[in-house]
Amino acid sequence: MPPLIQLHQVKKVYTLGEKRIEVLKGIDLEVEKGEFLAIMGVSGSGKSTLLNIIGLMDRPTTGEYILMGERIDNLDDDRLSEFRNAYIGFVFQEFYLIEYLTAIENILLPILYSHRHISHPQKRGLQLLEKVGLADCAKKKPSQLSGGQQQRVAIARALINEPEIILADEPTGQLDTKTALEIMDIFHQLHAEGKTIIMVTHDPEMASKAGRVVRIKDGLIV
Ligand SMILES: Nc1ncnc2c1ncn2[C@@H]1O[C@H](COP(=O)(O)OP(=O)(O)OP(=O)(O)O)[C@@H](O)[C@H]1O
Ligand SMILES: [Mg+2]
């Protein structure tokens with residue numbers, strides 16, 4: 001079996017007018033199925049850029065991305081979206097819940113963008129709420145939930161299409177330590193169930209919960 005994720009000499013260059021900013025300068029990274037990986041690095045080092053490339057929200061400028069043995073960096077946008085919807089669940093620092101939808105409606109939203117058939121979506125959504133410890137919050141709006149509870153809803157939303165890979169960009173960045181550790185427990189549980197998790201963080205305490213830590217500095221993994 002090839003590694004689940006393989007990046008070879010991935011570079012990312014942004015151009016702002018005349019200016020060229022080389023953010024990723026040749027990233028080589030392999031992630032095995034079932035790993036729990038933390039990516040660390042100072043602000044501006046390119047962590048989110050890398051995670052967005054891994055999550056197929058963005059493309060390398062040059063270099064190769066091989067996902068499950070298939071080269072995907074040169075696929076067209078539609079195929080890329082199909083891969084993303086099928087295999088990737090994203091969790092963000094800012095939760096990005098839709099304010100006028102209830103928790104359960106937020107969780108079910110990605111189904112609309114997926115080609116996957118999910119039988120009894122409502123039931124599945126409620127099961128996921130229960131899994132993240134929010135069984136009684138289905139009808140609540142995000143404004144009626146604490147930050148930690150909102151992040152739990154966001155994690156349930158990331159799980160609705162049953163992705164193989166969970167990507168989390170500073171998922172505990174807006175939470176106090178106790179709540180952050182509760183969120184880490186959920187990631188641990190998902191990892192124990194076989195999910196592959198890649199988490200960006202600048203908090204060494206959170207990174208220490210992962211199985212492996214890589215650091216980005218000056219556009220390279222050190
Ligand atoms: N769309 C863009 N256009 C131009 N420059 C960008 C763009 N996105 C990111 N950058 C630049 O790339 C660099 C890396 O950004 P990135 O968001 O990946 O860093 P980060 O490590 O996630 O930082 P933080 O810890 O603050 O979230 C920064 O200098 C940023 O200004
Ligand atoms: Mg970032």
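This report walks through the nonpolar cores, the aromatic pairs and a surface patch of the structure above.

The model is predicted, so local features need pLDDT of at least 70 and side-chain atom pairs count only at pLDDT 80 or more, while totals for chains, interfaces and linings use all residues. Residues are numbered from 1 along each chain as its sequence is written, chains are lettered from A and ligands numbered from 1 in the order in which they are written, and side-chain values use heavy atoms, with hydrogens and water left out.

## The cores

Let us start inside. The largest nonpolar core has 40 residues. A core here is a set of buried Ala, Val, Leu, Ile, Met, Phe, Trp, Tyr and Cys residues joined through side-chain atoms within 4.5 Å. Several elements each supply at least two of its residues, among them strand S3 (36-40), helix H5 (147-159) and helix H6 (177-192). Helices (H or I, at least four residues) and strands (E, at least two) are DSSP runs, numbered from the N terminus.

Which residues have the most contacts inside this core? They are Ile155 and Phe187. Leaving aside residues up to four places away in sequence, Ile155 touches Val91, Val132, Ile183, Ile186, Phe187 and Leu190; contact means heavy atoms within 4.5 Å. A second, separate core of 31 residues includes Val10, Leu24, Tyr65 and Ile88.

## The aromatic pairs

The structure holds three aromatic pairs. Rings of Phe, Tyr and Trp (its six-membered ring) pair if their centres lie within 6.5 Å; planes under 30 degrees apart count as stacked, over 60 as edge-to-face and the rest as tilted. Two of the pairs are set out here.

| Pair | Centre to centre | Between the planes | Kind |
|---|---|---|---|
| Phe83 and Tyr87 | 5.7 Å | 45° | tilted |
| Phe92 and Tyr96 | 5.1 Å | 65° | edge-to-face |

Phe83 and Tyr87 are separated by about one helical turn, because they are four residues apart in helix H2 (residues 77-87). Phe83 counts as buried at 7% relative accessibility, whereas Tyr87 is partly exposed at 28%. Buried means under 20% relative accessible area, exposed over 50% and partly exposed in between (1.4 Å probe, protein chains only).

In the other pair, Phe92 is buried at 18% and Tyr96 is partly exposed at 47%. Ring pairs also link Phe90, Phe92 and Tyr96 into a cluster.

## On the surface

Finally, Leu16 lies in strand S1 (residues 5-16). Leu16 is exposed, with a relative accessible area of 60%.
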